[in-house]
Every structure is written in C-alpha cells, then in structure tokens.
Amino acid sequence: MIVATALPYREDRSAPAGLAVDLDRYAAHCRWLVDNGCHGVGPNGSLGEYSSLTPQERRAVARTAVEAVRGVGKVVVGVHAPGSHQARAWAQAAAEDGADGVLCLPPTMYRADPREIVAHYEAVASVGLPVMVYNNPLDTKVDLTPELLAELADVEHVVAVKEFSGDVRRVLEIRERAPGLKVVCGADDVVVESLLMGASGWFAGFPNVFPRESRRLYELGRAGRVEEARALYEPLVAAFRWDSRTEFVQAIKLGMDRVGRYGGPCRPPRGPLTPAHHRRAAADLDRAIAALTGDAL
C-alpha cells in the first residue's frame, strides 16, 4: 500500500501564489505515514499537486520523500509529463535521487494513440527503474485498456498498472491478458472490490487521513476476509468516494485537518471547496471519524 502524499504549503508572499512548499512538514508527514503502517509514499502525483509546482520544487519534494523514509518505506515518484522526453528526464532524476520506482501517466495534455503510448513508456522505462503505468481515463481522456496493457507489459521494467477507471471488472481481465503485470487499485472507493478480484496493491489517497485503518483494510481485502473488510469499509466508503471526484485534493486535505493533522490550502488552479462541497465532504468525513473512534483496529 503506497500513499499518494498530499503536499503542505506555508504562506510566503514571494512564492508562487503566495504559498511555499513546506518541506519540513512534508517530511514529517511521510514518516508519519510509514510509522503508521503504510508501505511507502508517492510524491509528485495528482494529489501532490505536481502540475502546480516549479521544476525545482518538484525535485525537492521527491528528494524529501526519499530522505524521510529511507530504509523503512518505498518511494514511487510521479514522473507525469506532456512528452516522453520530459517524463524520462523526471524518471532519471528519480533514479539519481534514490527512488524505488516511478508512476507515470500517458502523455498529458495530448490524446496519444497506442503507438505513441508504447513509445512514451519505452522512453521512461529505459532509465531502468520499475515503472507503474497509470490508467486515469477520466482525466487524461486516454484509456489504457487491458489489450493495450498486455502490450505495455512486454516493455522491460514496466511492472504494474495503477488502475483508476473505476471498473473492477478490469482487474481479472488485465490479469488474464497480462499475467506478469501487477494490478494496483488506484481509486479508494473500489479498493475492497479490487483486492477481492485479485489486485495486489493499493496506491491510495485517504491513508493521508486514516493510515492505520487503511492498512488494516488492505490486509483484510488481500486475505479475502470479506465480513471483516466490509465492517471496516462501509463507514469509510462515503469519504473514500471523494478520491474519485474533481475536488479530491481539497477533500483529503480537509480530512487531514479534521483528524488533527495539517492539510491546509491548495495552489491554483485548485481553490477552496465551495460551501456546499465543504458541508458534504465534512459530513462524510465526520461519519467516518465517528465510526472509527474507539474501535480496536
């Protein structure tokens, strides 16, 4: 279970949008996640607002994560980029900085065809780090279908897929077509269903809020302990659904604030939750928190 880490900012009028990356607080958060049972962290993902960072900030975030959990947790760095030359450069930087692997979307800001997608991942994989391809057709408008994943599985160093289509039927089909490719659940609100169908991992958002409970849920799902998994999952899933919504970063940061951690603001283009979204997310989070309070997990 790897956590796509949320990124804290501190006010600084000289920084982009008046918000500077708080690397000290970020390092402490990464360590807290691993100390509470998470297997590792994933800096520079969508939840980490990578597209709002300067190149210098982006590399500093990755280096901070590596240093924070060195020897106790894995680091899978997001290397998403418009072109393969840029994604490969980020993968090379991740390798130099000591990352264990990289997570990579298809080319962003361009609806690539299958030939271009394969070339994109071949370039990233040429660095030599394990590559987890990322299927997020909702945002990229590119669908890494099971058929295409079977082709990508033949690329050396491509070892896994973060599957975020929300279609749990794909877990078995991917395993059938590309048996050597690990299927990693990418959407929190289908995690139990995906694990029961044979997903071998979870690249998760809400462990930023509930790390111990999420680790327990992951173990129950992997072990096929359905009744225990359902009992833990059902109070959480309304909150988990925010992981699949446009406002997922703001909602997860709100959850961190509500459990006594620091979520804080987002950089543009993400603004605060609307009053209606804030009320709804807060209610879903508070129900989850109330259900977990006092439970022996």
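Author: Glad to walk through this predicted model with you. To begin, contact here means heavy atoms within 4.5 Å.

Reader: Which residues of α10 does α9 meet?
Author: Happy to list both sides. From α9 come E213, R216, L217, L220 and G221. Their partners in α10 are E228, A229, L232 and Y233.

Reader: Are α9 and α10 roughly parallel or roughly antiparallel?
Author: Let's start from the geometry: the axes of α9 (residues 211-223) and α10 (residues 226-233) come within 8 Å and cross at roughly 150°. Angles over 145 degrees count as roughly antiparallel. The crossing of α9 past α10 is also left-handed. So the relation of α9 to α10 is roughly antiparallel.

Reader: Which residues touch the most other members of the largest nonpolar core?
Author: Good one to look up in the structure. That core holds 103 residues. Those touching the most other members are L144, W202, F206 and L217.

Reader: What is L144 in contact with, leaving aside its neighbours within four places in sequence?
Author: With those neighbours set aside, the partners of L144 include P106, I117 and Y121.

Reader: Does D284 count as buried or exposed?
Author: D284 sits in helix α13 (residues 275-292). Beyond four places in sequence, D284 contacts A238, A239, W242 and R245. Buried means under 20% relative accessible area. D284 has 8% relative accessibility, so it counts as buried.

How values were computed. Residues numbered from 1 in each chain as written. Predicted model: local features only at pLDDT ≥ 70, side-chain atom pairs only at ≥ 80, totals over all residues. Heavy atoms only, no water. Axes fitted to C-alpha atoms, helices over the stretch in contact; angles between N-to-C directions. Helix = DSSP H or I, 4+ residues; strand = E, 2+ residues; numbered from the N terminus. Parallel < 35°, antiparallel > 145°, perpendicular 65-115°, else oblique. Left-handed = near helix turned anticlockwise from the far one by under 90°. Core = buried A, V, L, I, M, F, W, Y, C linked by side-chain atoms within 4.5 Å. Buried < 20%, exposed > 50% of the residue type's maximum accessible area, 1.4 Å probe, protein only.
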